[in-house]
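This briefing goes through a structure by topic, for a reader who is new to it. Please look at the sequence and the model first.

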Amino acid sequence: MAKSKKYGINTKALHTQKRIDLPTGDVMPPIHLSTTYENTVPGESEYFYGRVSNPTREIFERTISSLEGNENYEELPGLAMASGMAAVSLIGELIKPDENVVITKDVYGGTTNFFATIARKRGLEVHFCDMYDIEKLETLINKKTKLVWIESPSNPNMNIYDLKKISEIAHKEEALLVADSTFCTPFITRPFEHGVDIIMHSTTKYIGGHSDTLGGVVVTNNQEVYETLYEYQKTSGGIMAPFDAYLCQRGLYTLGPRIELHSKNAHQLSEYLANSEYIKEVKYPGLTESHNHDVAVKQMDYFGGMLSFFLEDSINESKFWEELDLYKLAVSLGGVETLIEVPYLMTHEKVTGLDGEIINNAPDGLIRISVGIENIEDLIEDMDSALNASRK
Ligand SMILES: Cc1ncc(COP(=O)(O)O)c(C=O)c1O
């Protein structure tokens, strides 16, 4: 794809793979399962061992890097890992004991846990920060800050953070800005355009897209960071398996249209919920009254498939779970099917920091929906009848 610059993102998703020669002329790349490769000259082959390089993984790593906007995706491919958390810990390897990391308070529960417990046990200084509080953020970032970590929209509060503004603050002190872009994917936001240095995704979510593969990927536009992370990826060994890489690559082909439909459905459902007498508050960046809606408009091409809300006290919650039919009560997100969950009970249990501070802020009662690609009329009708049947 030599003239990649002129292609749109959907075209890139399908055609970046052509850079890799496929001897049989397969239209779609095969899954390379071999763990070792026959070499002709000792020590001179590109492929010699599956943990270090694998063509299936490479196709996905190049394509995701191209979609995030790296023109030189061959030199700066993504780094595909066995899970989103493996991608988080890979990035965590960049921090040395005399450095610190500043992270938003409202990130995915596993990420909070990683930084509050594992990273701190390794002696790293970790500061959790409400990133709407720019003054506080500026006091926490200093010359020793290696990473500033953000999720926008945040999971599960759906807070929107201004990536550009935060990247300028981070860069003043030469810190690297990391964005967990799992909720967005490059079809919604391309964080490099807003000053982000390292992007990560749990590919388990929208990129895989069908709730049948676990994985994670890290993409950077910084050569030095890439080289450091590549060494850790191949040596620590938590790489993505070929079959998962194949599923993620396949997921990329339809990601654009899926994101469009997820977003359209979520927008309509959020409007229905916002007008319902049984709902206290809806959090969806596409609603004009939502906090930082103007920032969302600036940095998001669509508003995404995730939303959260609080039920009014007039609803019997256990009855509500029984009445829902199309909404599956399950953790995770980003699959074609609609999932509903209660973050403070299921994914974002409270973490106590070393100083006794309660870190995670998935509020009690918040309910999160990953809106699927079913017919929206059916989703709204199912929600409507469940709410009506659950009145106290
Ligand atoms: C925003 C976000 N980041 C990271 C992760 C971790 O990903 P995985 O479950 O693939 O390890 C999740 C999982 O739910 C997530 O929602």
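The ligand has 15 residues around it, and Ser83, Gly84, Tyr108, Ser202 and Thr204 come nearest; a residue counts as near if its C-beta atom, placed from the backbone, lies within 6 Å. The model is predicted: local features need pLDDT of at least 70 and side-chain atom pairs pLDDT 80 or more, while totals for chains, interfaces and linings use all residues. Residues are numbered from 1 along each chain as its sequence is written.

**Ligand shell**
- Helix 3 (84-92) and helix 4 (109-121) are the elements that give two or more residues to this shell; helices (H or I, at least four residues) and strands (E, at least two) are DSSP runs, numbered from the N terminus.
- The shell has 3 nonpolar, 10 polar and 2 charged residues, where Ala, Val, Leu, Ile, Met, Phe, Trp, Tyr, Cys and Pro count as nonpolar, Asp, Glu, Lys and Arg as charged, and the others, Gly among them, as polar.

- An open sheet of mixed pairing has 5 strands in the order 8-9-12-11-10; strands pair if DSSP finds at least two bridges between them.
- Strand 8 (279-283) and strand 10 (328-329) are at the edges with a single partner strand each, so one side of each has no neighbour in the sheet.
- Strand 11 (339-341) and strand 12 (366-370) run antiparallel and are joined by 3 bridges.
- Ile340 has Ile369 in strand 12 as its bridge partner.

**Domains**
- Domain 1 covers 4-251 and domain 2 covers 255-389, with bounds from an automatic or database domain assignment.
- Their centres, taken over C-alpha atoms, are separated by 25 Å.
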